[in-house]
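Let's take a walk through this structure together, starting from a single residue and widening the view step by step. Have the sequence and the 3D view ready.

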Amino acid sequence: MAAGAPGKIAGNGPLPFIPLNDLADQEDIAEGGMGIIFKATWIQRNFFGRATAKTPVVVKRLRRDRIEHRDLFIQESQTWWNLPKHPNILAVYGGNMDDKRPYLVSPFAEKGNLRSFLKSFKNGAPMLLKLKL
């Protein structure tokens, strides 16, 4: 399987490069303390630059007003990339840590994020569910 291709879960070695211009249909969906999150379509290309597949993804990118936290963002990204394969850990396809505003590309979780799921319980999520997560 090619580096950075969908299905690549745990990283060993450098993060596969995914150019920003291969991320189409960008749509902002959230903002955190250090980064912005947007949904996009990753257009995978063959050796000749022809589109071979389109995959819905989420991109986490360092916010413009948090450039001073660039090293921390990169450290967090490398930690995430090097996590072992696990069904409860979102995969990382690749990104670009050399960009002035580094970014990570991961699969789009169609059912939403964990925070929203846990908040959906009126009296809080059951402890057994929290322990499984």
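Thr55 counts as buried, because its relative accessibility is 14% and buried means under 20% relative accessible area, with exposed over 50% and partly exposed in between (1.4 Å probe, protein chains only). Before going on, note that this is a predicted model, in which local features need pLDDT of at least 70 and side-chain atom pairs count only at pLDDT 80 or more, while totals for chains, interfaces and linings use all residues. Residues are numbered from 1 along each chain as its sequence is written, and side-chain values use heavy atoms, leaving out hydrogens and water.

Thr55 sits in strand S3; helices (H or I, at least four residues) and strands (E, at least two) are DSSP runs, numbered from the N terminus. Its side chain makes a polar contact with the side chain of Gln44, at 3.0 Å. Such a contact is a pair of N or O atoms within 3.5 Å; within protein, one must be able to donate a hydrogen and the other to accept it, and residues adjacent in sequence count only if both atoms are side-chain atoms.

Now look at the strands around it. S2 and S3 pair in the antiparallel sense over eleven bridges, where pairing requires that DSSP finds at least two bridges between two strands. These two strands form a hairpin with five residues between them, and Gly49 in the turn has a positive phi of about 85°. Arg45 has Ala51 in S3 as its bridge partner. S3 is also joined to S5, again antiparallel, by five bridges; Val59, for instance, has Val105 in S5 as its bridge partner.

Finally, turn to the nonpolar residues. A nonpolar core is a set of buried Ala, Val, Leu, Ile, Met, Phe, Trp, Tyr and Cys residues joined through side-chain atoms within 4.5 Å. The largest one has eleven residues, including Phe38, Trp42, Val59 and Val105. Strands S2 (35–45), S3 (51–62) and S5 (103–107) each give two or more residues to this core, and S2 gives the most, with four. Apart from this core lies another, of eight residues, among them Met34, Leu62, Trp81 and Leu104.
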